[in-house]
Amino acid sequence: MKVSYYPGCSLHGTAKEYDQSVRSVSHALGIELEEIEDWSCCGATSAHSTNFKLSIALPARNLIAAEKKAQDVMIPCAACFNRFKTAEHHLSQDPELKAEIEEIVGGRYQGSAAIRNPIDIIVRDIGLEALAAKVVKRLAGLKPVSYYGCLLLRPPDVCRFDDAENPVLLDRILAVLGAEVRPWSFKTDCCGGSLTISKTEIVVRMVDKLMEMAREAGANCLVTACPVCMANLDMRSSKDAGLPVFYFTELAALAMGQEGPEGWFRLHRTDPRPLLKGLQLL
Amino acid sequence: MKTFLEEVNEKINGVPIQRCYHCRKCTAGCPMAFAMEHNPNRVVKMIQMEKREEVLASGTIWLCVSCETCITRCPNEVDIARMMDVLRQMAIETGVGAKEKNILKFHEAFLANIRMGGRINEPTMMVHYKLKSGDLFSDMAMGIDMFRKGKLSLISPRTRDMKSVRRIFEKTRQS
């Protein structure tokens, strides 16, 4: 299948291992990515916190650009995904706002491009059997907890992604990769998001709690699909022994025997390589 | 003259917040409640009691991190997260400013960066924030580590059609 691709700003910077692993896994699963022409930032938390219309117009510019191709839009970043879904929601509910935003952006919005996260595409379009068929190295001994965070799931009638209180799609992908997924109650708890820069002490407290609960659940790592969650979990734990954190696509690439994972793991702050070498997965 | 409650409801443009019956589910699930001076459901009550200055000058409205747990669980579909956005915007528009100054400074640096290049360039955005906030030295070691790993580059690709991006900022500028 062919999809439009919106990497977003993080995936060109601090989350480049997410971008590279999404591209690598997509290629192996037969998903062709076509980057949206001349895309711009979605505005993230800063736009919607301070200026509602700006927060709709910025994603709308990209959605209108994406609509030139009749295909779904894949957005790996949970934060961008949420802003696009929110813009879509308001534009489809409020004709007056839609007319105003179209004038601001200078284009017609049709609502024709479905906004999708790679987790959803892999489970619902590619299928877990097809994914299983590509696994050459089962991730035995890896005991992850799935960490969905906030922005893939909430609000549920906007995101329409998975159960908002007990999501399972990521758990199912990890199980297919051969990991021994641990159950826990903190899948959808917040990591502190964008307050990481301006209110670091609050975020440290939140991340410490998540790490403690992951350990209590018997996990040896956490898995996420969000660059903000990754940055906070990987870098804000006050304990020296914060558990390693992975993007789910990094683990998929590892299980599929692809080139690349070791280089991506090197970019993490909490080095996951000792854990993987101990399990003979590297 | 509109009451504070009428003004907030008009801007939310959805379920009126007086539908809240104070079950406190929002507060129970709020990951930031521990750091807030007023709990989320209390903010609703304060708006109904016309405590405009107290609400807009509070740190609470800036500490809300928009995790949307409140709206997900509210039995009456009161959109507390959207209410917090509205209150922040009212605090800016009316000149009250932000009690949590650095949170607003971060948002300003972030948006200024988009306005400049269409996309966020993380290092220049961080330098801008640090100069605005005066918090120059935190996270230095982390920044250097990321720079060494090639995660921070001063020359990330930008949006070419900057005219359209600037137009969006100009047309959505708040008076």
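Guide: Two strands pair if DSSP finds at least two bridges between them. Helices (H or I, at least four residues) and strands (E, at least two) are DSSP runs, numbered from the N terminus.

Visitor: OK. What kind of model is this, and how are residues numbered?

Guide: This is a predicted model, in which local features need pLDDT of at least 70 and side-chain atom pairs count only at pLDDT 80 or more, while totals for chains, interfaces and linings use all residues. Residues are numbered from 1 along each chain as its sequence is written, and chains are lettered from A and ligands numbered from 1 in the order in which they are written.

Visitor: Which way do strand 1 and strand 2 of chain A pair?

Guide: Strand 1 (residues 2-5) of chain A pairs with strand 2 of chain A in the parallel sense, over four bridges. V3(A), for instance, has L33(A) in strand 2 of chain A as its bridge partner.

Visitor: What sheet do they belong to, and in what order?

Guide: An open sheet of four strands in chain A, with the order 2-1-3-4 and parallel pairing. Strand 2 (32-35) and strand 4 (115-116) of chain A are at the edges with a single partner strand each, so one side of each has no neighbour in the sheet.

Visitor: And the sheet with order 5-6-7, how many strands is that?

Guide: Three strands of chain A, again an open sheet with parallel pairing. Its edges are strand 5 (144-147) and strand 7 (245-247) of chain A; each has a single partner strand, so one side of each is left without a neighbour in the sheet. On average, neighbouring strands here are turned by 30 degrees against each other, direction ignored.

Visitor: How many bridges join strand 5 to strand 6 of chain A?

Guide: Four, and the two strands run parallel. Y147(A) has T224(A) in strand 6 of chain A as its bridge partner. Strand 6 (residues 221-224) of chain A also pairs with strand 7 of chain A in the parallel sense, over three bridges, and there V223(A) is partnered with F246(A).

Visitor: Are the residues of strand 5 of chain A buried or exposed?

Guide: P144(A) and S146(A) point one way, V145(A) and Y147(A) point the other way, and all are buried. A residue is buried if 20 or more other C-beta atoms lie within 10 Å of its own, exposed if 12 or fewer, and partly exposed in between, with C-beta atoms placed from the backbone.

Visitor: Why is helix 12 of chain A called largely enclosed?

Guide: Nine of the nine residues of helix 12 (residues 227-235) of chain A are buried, so the rest of the structure largely encloses it. Among them are P227(A), C229(A), N232(A) and M235(A).

Visitor: Where is G192(A)?

Guide: G192(A) is in the loop between helix 9 (169-176) and helix 10 (195-198) of chain A. G192(A) counts as buried because it has 26 C-beta neighbours inside 10 Å.

Visitor: What does G192(A) touch?

Guide: Leaving out residues up to four places away in sequence, G192(A) touches I202(A), V203(A), M206(A), V207(A), N232(A) and V65(B). Two residues are in contact if their C-beta atoms, placed from the backbone, lie within 7 Å.

Visitor: Is E129(A) buried or exposed?

Guide: E129(A) counts as exposed because it has 8 C-beta neighbours inside 10 Å. E129(A) is found in helix 7 (residues 128-134) of chain A.

Visitor: How many residues of chain B are in contact with chain A?

Guide: 44 residues of chain B are in contact with 45 residues of chain A. Helix 8 of chain B gives the most to that side of chain B, with seven residues. The side of chain B that touches chain A divides into 19 nonpolar, 13 polar and 12 charged residues. Ala, Val, Leu, Ile, Met, Phe, Trp, Tyr, Cys and Pro count as nonpolar, Asp, Glu, Lys and Arg as charged, and the others, Gly among them, as polar.

Technical notes: Axes are lines fitted to C-alpha atoms, for helices over the stretch in contact, and angles run from 0 to 180 degrees between N-to-C directions.
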